[in-house]
Amino acid sequence: FCHNHYEDNNYFFCHYPFSDNVWMELKSRITISWPCLEWPELVNHISKLVKGNSVGAIISRLGLTCTV
């Protein structure tokens with residue numbers, strides 16, 4: 001898209017300026033603090049973090065799913 005970097009999943013989901021804005025907005029709305037990790041590690045971290053059927057866990061999983 002921008003021809004500035006090697007454009008892989010990690011770049012598009014973690015470092016692309018538009019994606020970064022989407023993630024920042026999402027995290028602020030669902031009040032979750034996700035660490036700044038590479039894409040595979042972030043998905044692994046979130047999947048471990050949001051287990052269960054609490055409202056917060058469900059909203060967090062939906063937030064991740066909707067952004068992917």
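Which residue just after H2 takes a positive phi? Thr-31 does, at about 45 degrees.

The close-ups below come from a predicted model, in which local features need pLDDT of at least 70 and side-chain atom pairs count only at pLDDT 80 or more, while totals for chains, interfaces and linings use all residues. Residues are numbered from 1 along each chain as its sequence is written, and side-chain values use heavy atoms, with hydrogens and water left out.

**View 1**
Helices here are DSSP runs (H or I, at least four residues), numbered from the N terminus. Ser-19, Trp-23 and Leu-26 are the buried residues of H2, where buried means under 20% relative accessible area, exposed over 50% and partly exposed in between (1.4 Å probe, protein chains only). Seen down the axis of H2, these buried residues fall within an arc of 65 degrees, so they line one face of the helix; the arc is that of the directions from the helix axis to the C-beta atoms. On the other side of H2, look for the exposed Pro-17, Phe-18, Asn-21 and Arg-29.

**View 2. The largest nonpolar core.**
Ten residues make up this core: Cys-14, Trp-23, Leu-26, Ile-30, Trp-39, Leu-42, Ile-46, Val-50, Ala-57 and Leu-64. Such a core is a set of buried Ala, Val, Leu, Ile, Met, Phe, Trp, Tyr and Cys residues joined through side-chain atoms within 4.5 Å. At least two core residues come from each of H2 (17–29), H3 (39–49) and H4 (55–67), and H3 gives the largest share, three residues.

**View 3. Cys-36 and Cys-14.**
You will find Cys-36 in the loop between H2 and H3. Cys-36 counts as exposed because its relative accessibility is 78%. Cys-14 and Cys-36 are 22 residues apart in sequence and 8.2 Å apart in space, C-alpha to C-alpha.

**View 4. The largest pocket.**
The volume of the largest pocket is about 170 Å³. Eleven residues line this pocket, and the closest to its centre are Cys-14, Asp-20, Trp-23, Lys-27 and Cys-36. A pocket is an open set of points on a 1 Å grid over the protein atoms alone, where a 1.4 Å probe fits, with protein on both sides within 12 Å along at least five of seven lines; lining residues have an atom within 4 Å of a point. H2 supplies the largest share of the lining, four residues.

Conventions:
Points joined across faces, edges and corners; volume = space filled by probe spheres on them.
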